Amino acid sequence: MLRIVVLVSGGGTNLQAIIDGVNNGTITNTEIAGVISNNKNVYALERAKKHQIPNCCISSKDFESREIFNEKLLAAVDAYKPDLVVLAGFLVVIPPAMIERYRNRMINIHPSLIPSFCGKGFYGLKVHEAALARGVKVVGATVHFVDEGTDTGPILLQKAVEIQPGDTPEVLQRRVMEEAEWKILPRAIDLIANGKVSVKDGKTVIAD
């Protein structure tokens, strides 16, 4: 049984997709050990409570320095004894010590087809605003392992979504969630839970 801890900063729509996946059998061999947010009053924590999932908030505002926050965040993650850490809209720079401890055991969902529209400054609506401003015809989402760079770790899954006439950043964001993010993040967790993913030479290998 794969124990996962999910890290969130906002409403938790991807968290809900994971909860639903575990409950309906789309994600097998997996239990959600805990949910951690860096914001106290976000709906993601309510989602966790509704499903009796252990949860906590570790906010940088509660600590004197970033170093202390980083230590407390890692300690909170460790306390859930996860096999896999899932970043589901977690808008915090991951501490180097945490990346090292969970090397190839921490994944992130990003709302673009990496390497497009990723890296520093590309998060949330900003990704979709940039895609529309550039006039691309296809966008999407990517699940990747987390390394020391921003959105630079080995890519696990990607799914494309076509731009439609009249798209606004908000409309496009919702469609990328529905058609890509909420599908490939649960799929990635299920693959890992069933031992079908490995990382070799900086790239992922998915077994049949």
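Reader: Is T30 buried or exposed?
Author: The model is a predicted one. T30 has a relative accessible area of 9%. The limit for buried is under 20%. Therefore T30 counts as buried.

Reader: In which strand is the place of T30?
Author: The strand in question spans residues 30–37. T30 has its place there, in strand β2.

Reader: Which backbone oxygen does the side chain of T30 reach?
Author: The side chain of T30 makes this approach at 2.9 Å. A polar contact needs N or O atoms within 3.5 Å. The backbone oxygen reached belongs to T28.

Reader: Which residues is T30 in contact with, leaving aside neighbours within four places in sequence?
Author: Contact here takes heavy atoms within 4.5 Å. With the sequence neighbours set aside, T30 is in contact with M1, L2, I4, V22, I189 and A193.

Reader: Where is E181 found, and does it count as buried or exposed?
Author: E181 is found in helix α6, which covers residues 169–193. Its relative accessibility is 6%. The cut-off for buried is under 20%. So E181 counts as buried.

Reader: Which residue does the side chain of E181 join in a polar contact of 2.8 Å?
Author: Beyond four places in sequence, E181 touches N14, I109, P111, A141, V176 and P186. The polar contact of 2.8 Å runs from the side chain of E181 to that of N14.

Reader: What distance separates the C-alpha atoms of E181 and Q158?
Author: Along the chain, E181 and Q158 are 23 residues apart.

Reader: How many salt bridges does the structure hold?
Author: Side chains of opposite charge can pair when their charged atoms come close. A pair counts here when the nitrogen and carboxyl oxygen are within 4 Å. The number of salt bridges in the structure is nine.

Reader: How many residues apart in sequence are the parts that E148 and R103 tie together?
Author: E148 and R103 form a salt bridge, with closest N and O atoms 2.7 Å apart. E148 lies in the loop between β6 and β7, while R103 lies in the loop between α4 and β5, so the pair ties together parts whose separation in sequence is 45 residues.

Reader: Does E148 count as buried or exposed?
Author: R103, its salt-bridge partner, is partly exposed at 31%. E148 has a relative accessibility of 53%. Exposed means over 50%. E148 therefore counts as exposed.

Reader: What are the closest N and O atoms of D167 and R175 apart?
Author: D167 and R175 are both buried. They form a salt bridge, and the closest N and O atoms are apart by 2.6 Å.

Reader: What separates R187 and D190 in helix α6?
Author: The side chains of R187 and D190 meet in a salt bridge at 3.8 Å, N to O. R187 is partly exposed at 43%, whereas D190 counts as buried at 12%. Because they are three residues apart in helix α6, their separation is about one helical turn.

Reader: Which residues do salt bridges that share partners join into one network?
Author: The linked residues belong to one network, built from salt bridges with shared partners. Its members are E100, R103 and E148.

Reader: Where does N104 lie?
Author: N104 has a positive phi, near 60 degrees, although it is a residue other than glycine. Its relative accessibility is 35%, so it counts as partly exposed. N104 lies in the loop between α4 (96–101) and β5.

Reader: What is phi of D151 near?
Author: D151 is found in the loop between β6 (138–145) and β7 (155–162). At 12% relative accessibility, D151 counts as buried. Its phi is positive in a residue other than glycine, near 65 degrees.

Reader: Which residues of the lining are the closest to the centre of the largest pocket?
Author: The largest pocket has a volume of about 1000 Å³. Of the 46 residues that line it, the closest to its centre are F90, L91, V92, N108 and Y123.

Reader: How many residues of the lining of the largest pocket are polar?
Author: Elements that each supply at least two lining residues include α1 (13–24) and α6. The lining has 16 nonpolar and seven charged residues, and its polar residues number 23.

Technical notes: Residues numbered from 1 in each chain as written. Predicted model: local features only at pLDDT ≥ 70, side-chain atom pairs only at ≥ 80, totals over all residues. Heavy atoms only, no water. Helix = DSSP H or I, 4+ residues; strand = E, 2+ residues; numbered from the N terminus. Buried < 20%, exposed > 50% of the residue type's maximum accessible area, 1.4 Å probe, protein only. Polar contact = N/O pair within 3.5 Å; in protein donor to acceptor, adjacent residues only side chain to side chain. 1 Å grid on protein atoms, 1.4 Å probe; cavity = no way out; pocket = protein on both sides within 12 Å on 5 of 7 lines; lining within 4 Å. Points joined across faces, edges and corners; volume = space filled by probe spheres on them. Nonpolar A, V, L, I, M, F, W, Y, C, P; charged D, E, K, R; others polar.
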